Structures are given as structure tokens and as C-alpha cells.
Amino acid sequence: MVEKDGFEGKPTSVWLDTTPETHFDALATDLSTDVCVVGGGIAGLMSAYLLTEAGHKVVVIEAGKIVEDVTAYTTAKITSQHGDIYSYLIKAIGETKAKMYADANQSGLRKIVSIILDKKIDCDLVKQSSYLFTEKYRNVPMLKKEAQAAARLGLPASFVESTPLGFDKGAVEFRNQAQFHPRKFLLFLAKEIVKKGSIFENTRALDIKDGSVITDKGKVTAKNIVIATHFPFFDKERFYTKLFPHRSYVLGMRLKSEVPEGMYFNIDGNRGSMRNQIVDGKKYLLVGAGTEKAGEDADTEKYYENNKQYAEARFKVDSIDYHWFTQDNRTLDRVPYIGKLSQGNIYVATGFGGWGMTTSAVSAMIITDLISDKVNPWSPLFNPNRRAYVKYTKTLIGENVKLVSHLLSRRLKRHAFDLPTGFEAGEGKIIKVKGKKVAIYKDKKGEIHAMSPKCTHMGCTVNWNGTEKTWDCPCHGSRYNYDGKVIHGPALRDLEKEEI
Ligand SMILES: Cc1cc2nc3c(=O)[nH]c(=O)nc-3n(C[C@H](O)[C@H](O)[C@H](O)COP(=O)(O)OP(=O)(O)OC[C@H]3O[C@@H](n4cnc5c(N)ncnc54)[C@H](O)[C@@H]3O)c2cc1C
Ligand code: FES
């Protein structure tokens with residue numbers, strides 16, 4: 001129930017457009033199991049699959065439908081090349097830990113590829129190079145440094161003077177990386193999981209109490225619980241102070257010219273990300289560009305427009321057939337939070353920073369080892385309870401100042417709105433009705449949907465997203481449809497209805 005319109009092309013991802021909908025039942029009775037995995041994206045399903053393979057009985061709980069949230073809108077490059085991370089990590093956490101990050105992600109890449117090959121999964125796997133490139137001569141030394149850092153850590157990396165793009169000034173090439181169709185891969189894993197365990201859709205986890213996941217449909221009691229809900233829905237460890245959702249926008253386009261081979265990420269500031277994908281026998285170029293703090297800007301259409309201009313300046317674009325966006329959570333030190341929480345047998349996998357294909361595989365391997373009482377060599381690096389704050393005080397303060405200002409804006413701007421005289425169909429606004437702020441959406445039939453603009457997570461004021469027709473929270477990335485129904489957490493409850 002998301003009303004969309006606006007930009008050119010279908011308002012959905014290539015992955016959703018080319019795979020069938022799933023139909024797993026909702027939870028109907030209370031259950032007991034070895035492991036309850038909460039969240040049916042790549043982190044949850046990869047964990048559920050490896051745990052099942054390791055002999056655990058697994059129940060997956062999914063608030064909506066599996067693989068319809070962030071993972072359905074990714075660009076699905078399976079690579080350990082995560083921007084310019086390796087020179088940064090060596091400086092920030094030292095060579096030993098940086099090598100651990102490199103090894104873990106290369107193993108994540110190999111794990112996904114080996115599952116695909118072993119199980120003969122038809123999911124458009126293509127092995128190819130990943131390039132971190134620049135269009136500016138002044139950034140070449142930075143890339144050379146990154147290539148050296150990555151090679152020193154044992155990664156298959158080298159600096160190359162040019163790439164198949166033709167317009168770059170040089171790049172770091174990571175050889176033997178891969179891309180795939182994430183929904184085809186994960187829907188296959190889901191079928192494997194339910195051979196020995198269960199998946200329940202339309203079942204939202206609301207709390208964890210005494211070893212049980214309490215959902216809106218019943219209770220699952222489990223020896224171990226894995227939180228893979230993107231932003232953790234259960235937050236005793238205060239992830240809300242150390243996870244920051246950022247968004248980017250993708251266009252799926254046909255070109256009049258040859259679509260380049262390879263996967264690309266631009267280091268110059270616009271963070272252009274590219275790869276190709278065959279759809280119905282035709283080759284598409286997927287172009288992602290731009291990034292912003294999730295939910296802060298109501299005018300999301302301009303990001304698609306910028307993205308289009310970025311592509312048109314570099315390729316002969318024939319048609320734009322898809323547009324989509326999604327968001328991912330960054331951590332303070334660019335290393336995801338994966339592992340056991342400080343209380344109970346509860347595990348978490350989050351903070352993938354835009355690189356959740358390999359890091360989800362890493363999460364699944366670490367969590368499976370920990371639950372199976374095996375030593376995992378990388379788990380200390382990803383420990384979700386690590387105290388890295390001192391080094392990252394600047395980021396911490398900057399991001400949390402934004403949070404506090406969003407929380408306060410509710411009070412500061414309380415009287416700043418007046419009832420507008422005109423209200424177009426398809427428009428959403430926050431207005432003042434009888435002295436109270438109300439979020440109003442007028443649908444295409446002229447019907448008014450009125451609700452409180454107060455996010456049910458921690459009370460920040462939501463913003464209207466005119467392109468997607470959703471209410472988006474700038475604090476931790478919760479999203480609601482035009483009628484106030486939660487479509488992305490950490491919020492667990494819908495926006496409160498208002499009478500006007
Ligand atoms: C534009 C963009 C492009 C990207 N491209 C790449 C790429 O090329 N390569 C790469 O490695 N990474 C990429 N990423 C990152 C990657 O897509 C994400 O890190 C990854 O998909 C996150 O997976 P997840 O399983 O954590 O989240 P999700 O896929 O969102 O899964 C979480 C699931 O939990 C469910 N859930 C939430 N709350 C509850 C609850 N209370 N109860 C039950 N279920 C709940 C949700 O409905 C959802 O299905 C990209 C990110 C963006 C923003
Ligand atoms: S206040 Fe946290 S997501 Fe809205």
C-alpha cells in the first residue's frame with residue numbers, strides 16, 4: 001500500500017519486477033525452536049540458511065514479505081571492495097584488524113558463490129572485476145595508495161590506468177568479484193530453509209522477553225535469537241546512538257551504445273555506482289548516484305534527476321525503465337555490528353554501510369559459528385558491543401546533534417504551520433489543525449488521510465517524501481506509507497490517526 005508516481009520508468013527495482021511474490025503464512029500459534037531469526041532480508045535468510053545447514057531448527061519471522069525491503073533495492077555487487085576502506089582501516093584500526101576485515105569479506109564473497117555453484121542456483125551470477133575509479137587526475141594518488149593498501153592485505157587488487165568505462169582517469173581493480181540477482185538467490189534459499197524449518201511472513205516482532213520473540217501474531221520461544229531487521233527492532237544496546245541511515249538512488253536504463261562490463265564505484269564525491277544486468281534478454285545499466293541522510297529531504301525527485309544527468313553526461317541513454325531508492329545504516333568506524341549482544345542469547349547483524357552482500361554472508365558465518373559453539377576468527381573485529389566511540393567522537397557528535405535537532409524541531413516549530421488554502425491531490429503536508437500539528441495526505445480520489453507526524457520510534461517529526469508518497473523519519477530511517485502504516489523500522493507501530 002505505497003502510492004508512487006513521478007519519475008521516469010517503473011517505480012520498482014529490476015529484482016522485484018522479475019521475480020514472483022512470496023506467500024508464506026503468518027504465525028498462527030506459539031512455537032518453540034532452536035533459533036528464531038527476525039528479518040527476511042539477505043542478513044536474515046543467509047543466517048537462517050547456514051544455521052539450518054549446521055543442523056539447527058530455524059524459524060524466520062518477517063514483518064512484511066521476505067526480500068521486499070532494503071535487499072530488494074540493492075545493486076547487488078558481491079565484492080570486498082567497499083569504497084576506499086582499506087587505507088582508512090589500516091590507519092584507523094591497524095593492519096591486523098584491516099586484514100581481518102579483508103579476509104572476512106573475501107570469504108563472504110566465496111561463500112555466496114560456492115552456495116550458488118553447489119546448489120546450481122539460477123540467479124544470474126557473473127564473475128567480474130570491481131573498479132573503484134576516478135574521473136579526476138588529482139584523485140589518482142589516493143587510488144594508488146588504496147590499491148597498495150588492499151594488495152598488502154592480500155586482496156586481489158591493483159591500480160589500472162583505465163577501465164572499460166573509457167572516461168575514467170584510473171582505478172583500483174579487484175579481480176574475481178561477482179554480481180547476481182539477489183531475489184532469485186534468496187528465494188531459492190528460502191525454499192531450502194522451509195524444508196527443515198519455517199518462514200512466517202506478515203508477522204512483526206515487537207519485543208524480546210525471557211527468551212521469546214513476542215510478535216503481533218504470537219510468541220516464538222528460542223534458545224537463540226538473531227536480529228536481522230536492518231535497524232535493530234530491539235534496542236537495549238542503544239544502536240540508535242551509533243547507526244546512521246543513508247540513502248541512495250538507482251536508475252535502470254537502456255543505452256544506445258554498448259553497456260560496459262564490470263562493476264564500478266566512483267570515488268570523486270558523487271559516489272556513482274554502476275553495474276549491468278540482463279532483463280528479458282536485454283542488457284541494462286544500473287546507475288546509482290548521490291547519497292543523503294535518510295528522510296531529511298522531502299524533494300527526493302531531484303536525486304533521480306541528478307542521477308539521470310550523471311548518466312547522460314557519460315552514456316548515450318536510450319530509455320530509463322526503472323527508478324528506485326533505498327537506505328543502509330553506517331556505523332561509527334565503518335565496520336558492521338555483528339555478533340552476540342551483552343544480554344541473553346541474542347545476536348545482531350547490522351550497519352553494512354552500503355556493502356551488505358558480503359557482510360551479510362560474514363554475519364551469517366559468524367553467527368552460525370557462535371551459536372554452534374565454534375570459534376570464529378573475525379568475530380572480535382565485528383563485536384557489536386565494542387567501544388570505539390572515543391576515536392569517532394566527531395562523527396558521533398555530528399550525527400547525534402542532527403538527531404537531537406530533529407527531536408527538538410517538533411517543539412520549536414509547533415506554531416510554524418497554518419492550514420493551507422489549497423491542497424493538491426497526491427500531496428502530503430504537515431499542517432496545524434486547532435493548534436495541533438497533523439500530517440495530512442490527500443489521495444488521488446481526494447480522500448484525506450490525517451495522522452500524527454510524531455514517529456512512533458522515538459518521537460522525531462516525519463517528513464513527506466513526495467516521490468514515493470511516504471512519511472520518512474530523519475532520525476533512524478523509519479518509513480510509513482501515506483496512511484501512516486509502518487513500511488520500514490525501527491518503528492514498530494503505525495502513526496497515530498488524527499480526526500480533523
Ligand atoms: C542504493 C543501494 C545500493 C546498494 N548496493 C549494494 C551493492 O551493490 N553491494 C552490496 O554489498 N551492498 C549494497 N547495498 C547494501 C545492501 O543492499 C544492504 O546492506 C542489505 O541489503 C541489507 O540487508 P538486511 O537483510 O540487513 O536488510 P533488509 O533487506 O531490509 O531486511 C530486513 C528485514 O527485516 C524485516 N523487519 C524489520 N523489522 C522487523 C520486525 N520488527 N519484525 C520482523 N521483521 C522485521 C524487514 O521487513 C526486512 O524484510 C546497497 C544499499 C543501497 C542503499
Ligand atoms: S525517531 Fe527513530 S526512526 Fe523516527
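At what angle do H4 and H8 pack, and how far apart are their axes? Let's work through this and a few related exercises on a predicted model.

**Exercise 1. Describe how H4 and H8 pack, from geometry to residues.**

Step 1: take the angle and the distance. H4 and H8 meet at about 90 degrees, and their axes are 8 Å apart.

Step 2: classify the angle. Values from 65 to 115 degrees count as roughly perpendicular, so H4 is roughly perpendicular to H8.

Step 3: list the partners. On the H4 side you will find Ala104, Asn105, Ser107, Gly108, Leu109, Lys111 and Ile112, and they meet Met357, Thr358, Thr359, Ala361, Val362 and Met365 of H8.

Step 4: sort them by class. This contact of H4 with H8 has 7 nonpolar, 5 polar and 1 charged residues.

**Exercise 2. Work out how H2 is placed against H8, and which residues make the contact.**

Step 1: begin with the axes again. H2 and H8 have axes 8 Å apart, with an angle of about 40 degrees between them.

Step 2: name the arrangement. H2 and H8 are therefore oblique to each other, and the crossing is right-handed.

Step 3: find the residues. H2 contributes Ile42, Ala43, Met46, Ser47, Leu50 and Leu51. From H8 come Gly356, Met357, Ser360, Ala361, Ser363, Ala364, Met365, Ile367, Thr368 and Ile371.

Step 4: count by class. The contact of H2 with H8 divides into 11 nonpolar and 5 polar residues, with no charged ones.

**Exercise 3. Characterise the crossing of H3 and H4.**

Step 1: locate the helices. H3 covers residues 85-93 and H4 covers residues 95-119.

Step 2: read the geometry. Their axes come within 7 Å and cross at roughly 140 degrees, which makes H3 oblique to H4. The handedness of this crossing is right-handed.

Step 3: look at the side chains by name. Tyr86, Leu89, Ile90 and Ile93 of H3 face Glu95, Lys97, Ala98, Tyr101 and Ala102 of H4 as contact partners. By class, that gives 7 nonpolar, no polar and 2 charged residues.

**Exercise 4. Describe the surroundings of ligand 1.**

Step 1: count the neighbours. Ligand 1 is surrounded by 39 residues, and the closest are Gly39, Gly41, Thr74, Gly356 and Met357.

Step 2: assign them to elements. Two or more residues of the shell come from each of helix H2 (42-53), strand E11 (243-255), strand E15 (317-331) and helix H8 (356-371). The largest share, 4 residues, belongs to H8.

Terms used:
Residues numbered from 1 in each chain as written. Chains lettered and ligands numbered in written order. Predicted model: local features only at pLDDT ≥ 70, side-chain atom pairs only at ≥ 80, totals over all residues. Axes fitted to C-alpha atoms, helices over the stretch in contact; angles between N-to-C directions. Parallel < 35°, antiparallel > 145°, perpendicular 65-115°, else oblique. Left-handed = near helix turned anticlockwise from the far one by under 90°. Contact = placed C-beta atoms within 7 Å. Nonpolar A, V, L, I, M, F, W, Y, C, P; charged D, E, K, R; others polar. Near = placed C-beta within 6 Å.
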